Amino acid sequence: MTKLTQDSVSSWVTHRLQVVSVIVPVFNERDNVKQLVDRIFAVNIPYARKQTIIVDDGSTDGTQEWLRQRFPAASAADMGVKLICQPRNLGKGTAVRAALQCVEGQVTVILDADLELDPADIPHLVNPILTGDADVVFGNRFIDGRRRARDTLHYVTNKSLTLLGRLITGLKINDIEVGYKAFRTDLMRYMSLRSRGFEIEMELAVKTAELGCRLIEVPVLYTARNVLQGKKFRWKDGFSAVFWLLYFRCFCRDRNNLRCEG
């Protein structure tokens, strides 16, 4: 059995991290993307440089055109930005996998682009990894004192999925579908992600459990929006998530059986 030994984990933790990579999948967010970019640029992560990887997933509302104008190829790198424009809508999972190939950081954050989640919380997600206290950090939108308006259907569906996820994976999580997660990049790459769409949230949870990663949750500010404001969640997505949770747990188990230690 291949293992990440205690020594290798300790060595990784004590090495001073230089880069945190933030992956932002974007689809038809023209009204939000400018504010999103400004907020990400305003974030300061102590002792780390920030790389921002924006993946436009075939937007048709002008988002992609704005991004190309804002981050021309000649100067994007100087701004710490990598812009990837998909030829058509291929799904969130595909966007994340494309971005992962360009990640420079030892820590990788995934952040949804709809402004329901605040980029200012990025340091809260990465700090437990930077200090060696966690391998994976999930945001939690529903902790008292940090939550704001929420859609009842989405909330109930998420809580039901989270309960099922806890039973299937054994993870002590309270918000399985949150689009705000941070990972040690080496572990995330080892997961060999396959998802194309929103099922990536289920895949990340299942593979986090299978690798035995040290997972913690941190509260994140959440301002829910409704369908009229562009929310992409639909009630049938809950049934799809159950299928993918079971699929990844039962049929996509890691053959190498690598486990995190420490």
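**Notes on the model**

1. The chain exposes about 12500 Å², and carbon and sulfur atoms supply 51% of that area. Accessible areas here come from the Shrake-Rupley method with a 1.4 Å probe. Of the 262 residues of the chain, 53% count as buried, meaning under 20% relative accessible area with protein chains only as cover.

2. Please keep in mind that this is a predicted model: local features need pLDDT of at least 70, side-chain atom pairs count only at pLDDT 80 or more, and totals for chains, interfaces and linings use all residues. Residues are numbered from 1 along each chain as its sequence is written, and side-chain values use heavy atoms, with hydrogens and water left out.

3. On confidence, the mean pLDDT (the predictor's confidence in each residue, from 0 to 100) is 86 for the chain, and 81% of its residues reach 70 or more. Over residues 1-14, pLDDT stays under 50. For that stretch the model has 29 contacts (heavy atoms within 4.5 Å) beyond four places in sequence.

4. The chain has ten helices and seven strands, taken as DSSP runs (helices H or I, at least four residues; strands E, at least two) and numbered from the N terminus. Among contacts with a separation of 6 or more, 81% come from residues 24 or more positions apart.

Notes: Buried means under 20% relative accessible area, exposed over 50%, partly exposed in between (1.4 Å probe, protein chains only).
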